[in-house]
Amino acid sequence: MEEKLPIIEVTGDNLAQVWPSLSKALRDATFVAMDCELSGLGNRSKIKSFELDVRYQNMAEVARNYAIVALGISCFSCNSVSSIDMQDEKGEEQIRSHDYMVQTFNVLTMCTDPFTVECDSLKFLHNHGFDFNKLYAKGILYYKGCDRKNDKSLSVRNLFTKLLEYRKPLIVHNGLIDLIFLYQSFYCDLPKKNDTFAADLDDLFPSGIYDTKYLAEFHQAVPATYLEYLFKKMQLKNISRQRNGQWHVRLRFPPYPRQTPNIDWYSYLQIFSYRVEEDTDKRDLCQNYAFHGFCNDVKCSLSHNINRVVKVLQMQGAKKHGDSKYSSFKGGSLVHVIEKFTKTREEGKPQKRKSSSENVPSAKKCHLSSKETNEPEDITKNSNGVVPEQVQPQNLRRSANGHRAGYDAFMTGYIFASIVSDKGVWTSKDNPFTPENIGLADQVNKVYLGGKNFPFLIRTGAYASKSSKHCSKIEKVRSSESTLRNV
Ligand SMILES: [Zn+2]
């Protein structure tokens, strides 16, 4: 593992310069992880509607009214699947590894159509280092909805087209809202019905969409499923598999010169150096924080250290091995565990890392431009005691330079790579990276739905058909594959 993770910032200023490497990274990727930073989410109760079709329609409305302010893209290209048995004087050693070259981009995107912003979120972002001046001055301009002209210019819309063209598996974390935003922002107008949307996605991403929150919630024995917890947990599991000669992930990054402009370097291996016993902070862990990734108590005096959370839960799980509350849940029973450990109501479950004022019914709004955020302390302002869901701990950590979308996309991709290794089914690079070959045939095309014990299914149902707007656009996309391929 390399020590620092490079994230390339992509703006209007350097898009032309970065485009060839971005395009190549997408083309060479085994899979692509994405994450969107949004200008807000509107009324939280609406996007958590009980009825799925109503929920979809409300989310579509949000995607029409709000905007993507940053897009994270992390391209994982597997360049080696090694299965080696070695024998030396020390004995036998097995190496079973999936080696990936990873390139991560944080694309600043500035919507030219009027859009809504949640002021509280915006203030929060600002307070935590998001550079709005840079967004306004250098964000890559885009418009929403259907194509307005048939241009081949360098744009985020055409970047998204490339992703479709290359037909890569797409990885998201709790990604229904991301998929809806990506579609409306960079593809075309959303269809009216969720079944039609599902059929369109099925056609758009023939190699499948995987949602790491769904995978973790329903198929992994873990006590929490918010992004940063999973990321660190998977890092620990991965190293343990490596030591045991089992299938594991190894990452490499391109050897960018350290002084390259527009590249920031992130420490991402802290979990390996953190020791609970050496921590001078002896406070107990905040349970809300530990299980949800946020805490709604402004005056909370308990520990919110994510490394501590991961290690302590690990130890607790180990102690209870055999009878562990963490060791046996599959199929959604995790929800009950979480409920047991927190007073937070179902609506308060961390849904994602979107803006912070989500559940505040009277969230102030201003029309004009940009961004949002979220985070523990901020969330607490709910007068009704409901914890807004999207707050995630990583926001705190990385807010210093505001590259959360890129970092979140990277964490999402890593979690997925780690799950694939854990399955231990993909044993040769000669086998194409299909759901069957990686052992996830029953887990592909299922997207996490907050508050439900079933996922959103990406499929073309017997009674659903694709939207006409999608059909006419995808035809153009795929017919232009050859012309765009070499740009
Ligand atoms: Zn707390």
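Modeller: Gladly, and let's begin with a pair of helices. Helix α9 (residues 227-243) packs with α16 at an angle of about 40 degrees, their axes 9 Å apart. Before going on, note that this is a predicted model, where local features need pLDDT of at least 70, side-chain atom pairs count only at pLDDT 80 or more, and totals for chains, interfaces and linings use all residues. Residues are numbered from 1 along each chain as its sequence is written.

Colleague: What is the orientation of α9 to α16 called?

Modeller: Angles under 35 degrees count as roughly parallel, over 145 as roughly antiparallel, 65 to 115 as roughly perpendicular and the rest as oblique. The angle therefore makes α9 oblique to α16.

Colleague: Which residues of α9 and α16 make the contact?

Modeller: Contact means C-beta atoms, placed from the backbone, within 7 Å. On the α9 side, Phe231 and Met234 are among them, and on the α16 side, Met411 and Ile415 are included. By class, the contact of α9 with α16 has seven nonpolar, four polar and five charged residues.

Colleague: How do α1 and α5 pack?

Modeller: Helix α1 (residues 15-28) meets α5 at about 25 degrees, with the axes 9 Å apart, so α1 and α5 are roughly parallel to each other. Leu22, Ser23, Leu26 and Arg27 of α1 touch Leu159, Lys162, Leu163 and Tyr166 of α5.

Colleague: Why is α7 largely enclosed by the rest of the structure?

Modeller: Helix α7 (residues 194-204) has 11 residues and eight of them are buried, so it is largely enclosed. Those buried residues, including Phe197 and Leu201, pack against α2 (52-65), α5 (156-166), α6 (176-186), β8 (209-211), β13 (456-457) and α17 (468-479).

Colleague: And which residues touch the most other members of the largest nonpolar core?

Modeller: In soluble globular proteins, nonpolar side chains tend to be buried together. Here the largest nonpolar core has 111 residues, and Val32, Met59, Leu71, Val107, Ile180 and Phe416 touch the most other members. Helix α16 (residues 404-423) gives the most to this core, with 11 residues.

Terms used
A residue is buried if 20 or more other C-beta atoms lie within 10 Å of its own, exposed if 12 or fewer, and partly exposed in between; C-beta atoms are placed from the backbone. Helices (H or I, at least four residues) and strands (E, at least two) are DSSP runs, numbered from the N terminus. Two residues are in contact if their C-beta atoms, placed from the backbone, lie within 7 Å. A nonpolar core is a set of buried Ala, Val, Leu, Ile, Met, Phe, Trp, Tyr and Cys residues joined through C-beta atoms within 7 Å. Axes are lines fitted to C-alpha atoms, for helices over the stretch in contact, and angles run from 0 to 180 degrees between N-to-C directions. Ala, Val, Leu, Ile, Met, Phe, Trp, Tyr, Cys and Pro count as nonpolar, Asp, Glu, Lys and Arg as charged, and the others, Gly among them, as polar.
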